[in-house]
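I opened my notebook to look up a few things in this structure. Here is what I wrote down as I went along.

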Amino acid sequence: MTGYAPHPHVGGRGAVLQLLAAWRMAWPGTPRVIVITGTPGSGRSRLVAGFLMLCDPRARARLPLGDMDPSAVPPEGPAPLVADPRGRTAGAVMRLIAEALEPGTPAAPDGAPEGETGTEDLLAAVARTGEPVSVVVPDVDLAGPLRTVDGPARLVREVLGPLARTDTVQLLADVPRPLVGALTDGLPVGSFLVVDLDDPQWADPEGLVRQAEHALDPDTGAPPLPFTTDPQARRELARAVAARAAGNRLTAHLAVHSILMCPEGFDPADPGQLPRDVAEAVDLHARRLGADPALLRQALTPLAFAEGDGLPFKLWGRLASAAAGRDLRPTVTGAPELTGPFIDSAEDEDGRTLLRLLHPAIGDAVRAAAGDPAPVQRAITEALLDTVPARSSGTGRDWTGATAYARDLIAGHALQAGLLPRLLDDPGLVVAADPVALHAAAEAAAGVAAGQTAGHTAGSGAQGTEPGSGLTPAGRTYLRTAPLLVRLRAAPRERAALLESAYTEDTLTEHATAMHHLGFDLPWRTAWSLDFPGIRAVAVGTLPAGAGGPQPVAVLTVPAGTPGARPLGGEAALVYGLHSPTWYDVDPAAVERPTEEARAAAPCVLERDADRLRVRERATGRVAAVLVPDSPLTGADLAADGTLLVATARGAKVLQIRPPAPSLPHQAGHPADDRDDDRDGRPAGRPVPH
C-alpha cells in the first residue's frame, strides 16, 4: 500500500483490508468464512469497525477514498448484514439475523427459548432468501447478557458454527482465539481463513508505529514536549513504544497516553519505562505517579468485574472499598490522573454517569492480578445488597427501590460469588430483576446445557438430581419459568402471577404466598396443581345431590386404564374438587355440566388462542387475566364463579380468577364443600391415588 493513505480509523492493516474487500466482493478464490482473531488488545474490533465503515454508504462519504488503496476498498453497494452480539444471548442474535433477512419476522426478546428463535429457524430464514447472504458478527467476546456466563461460547456453538457450515453464507466474525477451533472445526479446507492479527503475515508493525507517532504529534493534541515536537525524536519514541508492546495496539495506546499525561521524569531512552503488556501498563502508570500499583488495581477492580454497559459512578467508591477491605473513596473520586487513562464514561437513558474500562483486556489484567474471583465477587455482592432498602413491613428487601444496576445485574456478581442460589430464594428479586440476565445466571449456576430447561415433576417440590439440582427448589422453579417470562417480556406484575402459579405447582407454598405480598394486584390465586401428564381435556361441573353433591368439581379426561379413573365414552376420567385437589371416586357421567344458558349468563367468558387463555369480563370487555402456560395447552374451562381449570402437557391446575361469591348452604363454589362429610351420603374426599 506504499503511496496510499492508511484507513483513518484503522491506521494500517492494509493486507487484511485487501482480503476483506475481496471477501465482500466474493472474489474467486477468497474464503467464504473469515475469522479475525488475536490476543486481547490486538485491534480486532477496530479493524472490523473500520472495514464496516467502507461498506456503509454514509460512512464512506466521510472517508478519503480517493487517497486509499483501491484494492482495500470494496465497491459501493448494500452493506452486509451486521449482527451486534454485545449483551445479547445467542437466541437474540439469531432473531436479529432472522429479522434482517425477513423484516416481517415477529420481534422476540433476548433469551427467547430454543424452538422460538432456534438454530433451525435461523437456517430456514437463510434458505428462504434463495441467494448468498453476507453476515458480519463483531465483538464475539462481548456476547451474552452477563460477563460471567458463557455467552461467547454459546454464540459460536449455536449461531456462528451453523452459519459457517451453510454454503450460501459468507461469514466474517471477530472471535477470541480460544473459540476459533470450535468455529472452524469440520469446515472444508479452503472454505475458511483464520486471520490472526499477531501473526507476522497480518501484524503490520509499521502501522502501529504510525498510530503511536500520530498520537504523539502536537498537531493532533499532544502537549509540546521535547519528544513530541521534534519529528525525529517523536518517530524514535513511536518505534520504541511499538516494539516494546510487541504489536499490541492497546498496550501501545496506554503507554502513549500515560506518558503524555505524566511526562515528568520520563526518559525516552529507557525502554524499561515502556510497558510490554496491558498489566505492565497499569503498573508503570501508577509508579510514574508515585502510587502503589496495587492501589490502582484495587480502584479499577469494580470496573473489571462490572456487568452491563458500565458501573454507576455513585457505586464505584462503595464497591472498590468493599472489594479492597478499606476505604478507597478518596482514591476513586480524588485522583483522576491515576485512573483516567484506563476508564471511559457514558450516560444511561436517565442521564446517570456510567463508568467502564477503556478496553476489556484491562479488565482481564486486573482480574488476573486479583486471583480467585469468588472473594471479590462476594464482597461486591454483599455491598450491592446493602444498597437495597428494606421493605416497609420490615421483612426482606424492597427491590423496587434498588438501583437498576443492583436489581438487574447483581446476578452476575452473585453467580461467581456462589451466592446466586440464595438470591433466587428472594421473592422480591425474582419478580423485580430483568429475567434475561437472571435466567442466564440461573442456567449457569445450575449447569444446564445450552437450550435446555430444568425439567422436573411438578408437585414434587422440584426435588431430585435433575439439571438444576445445584439450586434450591425455588431456584429450580425460577429456572424453568424464566424462559416464559423472557419470551413474554413480562412486566413485574405478570412475573409475580406466573411465578405464583409455578411455585404452587412445585408445592412451594411459602414462595407462592409471598407473590401476593409484593404490592401487586395479581390476576389470580392458584388454588391447586396436579402433576399428571396425559390429560386430554378438562371440564367444570357439579356433582348433584344424589351423587354426593352439590359439589363443584373438575373432570379430567385421561387415557383408559389410568389408576383411579372411571370409564367415560371410550376413555376415562378423574373427578376432583374444583377448589381443592380432592379425588372423588364417582362416575364422571354423573357430573352435571353447565348449560349454554348458564355459561351465557356467567360474568366472565373464556377465550383461547393457540398458546394462551384470556378471561374477559362480559359486561365491560376488560381482560381480567391472561395465562400463557410454559407447556402446551390441552384443555381449559371456566366456572361461573371465575374459577379457571387448565390442563397442559405438564398436568392440571385451578386458578381463582375472581374470588368466589359468599356461599349459602349447599351452594357450589365454597372450598369448605370439599371437606370430608358423610352427613348427606356423598363419598368422602380421598388422597390422590396416583
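**Aromatic pairs**

I looked for aromatic pairs, meaning rings of Phe, Tyr and Trp (its six-membered ring) with centres within 6.5 Å, and the count came to four. One of them joins Trp528 and Tyr576, at 5.9 Å centre to centre with 40° between the planes. I noted this pair as tilted; planes under 30 degrees apart would be stacked, over 60 edge-to-face, and the rest are tilted.

Where do Trp528 and Tyr576 sit in the chain? I found Trp528 in strand S9 and Tyr576 in strand S13 (residues 571-577), 48 residues apart, so the pair links distant parts of the chain. For elements I used DSSP runs numbered from the N terminus: helices are H or I with at least four residues, strands are E with at least two. Both Trp528 and Tyr576 are buried (under 20% relative accessible area; exposed is over 50%, partly exposed in between, with a 1.4 Å probe and protein chains only).

**How I read the model**

This is a predicted model, in which local features need pLDDT of at least 70 and side-chain atom pairs count only at pLDDT 80 or more, while totals for chains, interfaces and linings use all residues. Residues are numbered from 1 along each chain as its sequence is written, and side-chain values use heavy atoms, with hydrogens and water left out.

**Cavities**

Next I looked for cavities, which are sets of points on a 1 Å grid over the protein atoms alone where a 1.4 Å probe fits but cannot get out. I noted three of 30 Å³ or more.

Which residues lie nearest the centre of the largest cavity? They are Ser501, Glu505, Pro629, Asp630 and Lys653, out of 22 lining residues (those with an atom within 4 Å of a point). Helix H25 (492-505) and strand S9 (525-531) are among the elements that each supply at least two lining residues, and H25 gives the most, with four.

I sorted the lining into eleven nonpolar, six polar and five charged residues. Here Ala, Val, Leu, Ile, Met, Phe, Trp, Tyr, Cys and Pro count as nonpolar, Asp, Glu, Lys and Arg as charged, and the others, Gly among them, as polar.

**Positive phi**

Arg13, in the segment before helix H1 (14-24), has a positive phi near 60°, and Arg13 is buried at 4% relative accessible area. Ala26, in the loop between H1 and strand S1 (33-37), has a positive phi of about 55°, and Ala26 is partly exposed at 47%.

Technical notes: 1 Å grid on protein atoms, 1.4 Å probe; cavity = no way out; pocket = protein on both sides within 12 Å on 5 of 7 lines; lining within 4 Å. Points joined across faces, edges and corners; volume = space filled by probe spheres on them.
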